[in-house]
Amino acid sequence: MTEYDAIIIGTGQAGPGLARRLAGSGMRVAVIERGRFGGTCVNTGCTPTKTLVASAYAVHVARRGADYGFSAGDIKVDMKRVKARKDYVAGLSNQGVERSLKSLKNCTVYEDHARFASPHEIEVGSETLRSDRIFINVGGRAAIPQISGLDRVPYFTNSSMMNVDFLPRHLLVLGGSYIGLEFGQMYRRFGSEVTIVEIGPRLVPREDEEVSQVVAAFLDREGIGVQLNAKCLRLSQRDDAIVMALDCEDGQREVAGSHLLIATGRRPNTDDLGLDRGGIKQDARGYIEVDDELRTNVPGVWALGDCNGRGAFTHTSYNDFEIVAANLLDGERRKVTDRIVAYALYTDPPLGRAGMTEAEVRRSGRRALVAKIAMEDVSRAFEKGETEGFMKVLVDADSKQILGASFLGASGDEAIHCVLDTMYAKAPYTVLQRAVHIHPTIAEFIPTMLGDLVPLGT
Ligand SMILES: Cc1cc2nc3c(=O)[nH]c(=O)nc-3n(C[C@H](O)[C@H](O)[C@H](O)COP(=O)(O)OP(=O)(O)OC[C@H]3O[C@@H](n4cnc5c(N)ncnc54)[C@H](O)[C@@H]3O)c2cc1C
């Protein structure tokens with residue numbers, strides 16, 4: 001048995017930063033990784049998908065050449081080169097994480113599957129490691145739904161999609177939320193026929209209805225098929241086609257494609273971690289239960305990142321590391337609940353989100369103000385020829401603080417940070433309203449918009 005001052009399981013977005021801080025403070029640290037260094041974001045999530053989104057955007061703009069006054073001739077997408085670019089960019093991050101951990105003083109890297117043997121003992125390969133401080137950063141993977149016939153057809157997940165170096169003739173995407181929409185739009189732009197199948201009554205169902213409507217409209221304009229209310233699904237193989245029957249009762253609606261991507265959600269990598277032997281509590285969906293400082297029920301064991309169910313993003317996982325490191329090493333008392341909800345959907349145009357949706361504000365019953373501007377009234381968007389979408393901000397009528405915002409439009413993923421930073425400052429919206437922003441930018445219209453707040457009607 002080898003004793004360490006700290007053991008970190010997983011090298012996603014929290015583990016490597018934490019390893020650097022702990023090892024830097026003089027602790028002897030063991031880091032265990034069973035897969036690719038850097039985890040989901042680096043290898044099968046954010047980095048590769050945003051690299052592919054960038055290729056798809058370039059193709060899209062080239063096809064719109066006439067709108068901008070040029071002709072690019074016959075546009076051909078070479079998927080092998082698109083994939084090679086993606087592999088190169090993602091590879092840099094993956095190798096960077098691996099190199100930095102393996103060269104870190106006071107840090108020993110194990111490349112194998114880790115499993116709890118007891119609350120403070122971890123089995124890795126044929127060895128057992130022991131520590132008073134164990135940090136779980138095991139992330140998650142694609143959840144595979146129970147669908148009749150799914151076991152008899154081939155399908156991709158976000159992970160296996162990373163190996164695709166050809167153009168699917170017709171990609172069926174099961175799941176009309178963040179991951180499904182990003183893949184759906186990019187493959188349409190690469191040249192595939194695409195049909196997105198969503199079980200609910202609208203796309204991105206967690207967002208406000210007007211977000212779903214605008215997203216549906218721009219996907220439709222790009223020729224992406226969308227099937228909603230696909231409640232009862234059956235899958236089968238017919239010759240070389242994958243066939244989805246969408247209404248089991250009447251069996252009328254069906255859609256056939258050449259390839260299928262499952263994008264119906266995520267599940268934590270906790271089922272093979274020996275949590276029962278560690279005595280570590282999880283909820284009904286397998287997420288590790290943690291308190292506001294990310295401590296599990298077992299003293300000396302923390303859970304960070306997607307596996308604790310308190311966030312599902314790279315920035316939330318990284319912030320988990322910051323919270324734990326600050327509390328352990330810097331004598332601070334940082335908490336998860338200090339974090340404001342924020343994320344983006346990387347369709348084109350993207351959606352930047354901060355805080356509450358309008359629906360959540362309404363449900364909260366508080367007095368609120370709302371301001372909205374269409375992107376076609378934003379000069380920078382107009383100049384760029386990217387006028388789809390809108391920006392919307394919600395303000396608490398009493399405290400004057402911003403409650404939330406949805407920016408669906410060009411640079412919405414960047415401009416949202418003006419709102420987010422004002423929220424973190426707990427400043428009234430008037431601070432942002434009186435700021436002089438640069439012309440011409442998308443963010444320039446946030447102060448203008450805040451001058452037109454009206455009561456949020458019923
Ligand atoms: C397609 C897609 C696109 C995404 N895009 C974005 C985006 O644009 N922006 C964003 O913020 N988020 C995005 N995300 C989410 C983001 O990738 C995750 O929230 C983030 O990677 C979570 O990091 P993590 O630290 O929790 O764990 P992970 O990154 O999942 O890392 C966990 C690591 O633990 C290892 N591991 C697991 N079990 C064990 C074990 N028993 N023993 C040893 N090692 C183990 C795994 O191999 C893995 O390397 C996306 C996700 C997907 C799937």
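Which residues of α1 are buried? I looked this up first.

**Entry: the model.** I am working with a predicted model, in which local features need pLDDT of at least 70, side-chain atom pairs count only at pLDDT 80 or more, and totals for chains, interfaces and linings use all residues. Numbering starts from 1 along each chain as its sequence is written, and side-chain values use heavy atoms, with hydrogens and water left out.

**Entry: helix α1.** I list Gly15, Pro16, Gly17, Leu18, Ala19, Leu22 and Ala23 as the buried residues of α1. Buried means under 20% relative accessible area (1.4 Å probe, protein chains only). Helices are DSSP runs of H or I with at least four residues, and strands are runs of E with at least two, numbered from the N terminus. Seven of the ten residues of α1 (15–24) are buried, so the helix is largely enclosed by the rest of the structure. I find these buried residues packed against β2 (6–9), β3 (29–32), α5 (79–102), β8 (134–136) and α9, where contact means heavy atoms within 4.5 Å. Glycine 26 follows α1 and has a positive phi, near 100 degrees.

**Entry: the ligand.** I note 39 residues around the ligand, of which Gln13, Glu33, Thr40, Asp306 and Ser317 come nearest; a residue counts as near if one of its heavy atoms lies within 4 Å. A side-chain N or O atom of threonine 40 is 2.5 Å from a ligand oxygen atom. For lysine 50, I read 2.8 Å between a polar side-chain atom and an oxygen atom of the ligand.

Definitions and conventions
A polar contact is a pair of N or O atoms within 3.5 Å; within protein, one must be able to donate a hydrogen and the other to accept it, and residues adjacent in sequence count only if both atoms are side-chain atoms. Buried means under 20% relative accessible area, exposed over 50%, partly exposed in between (1.4 Å probe, protein chains only).
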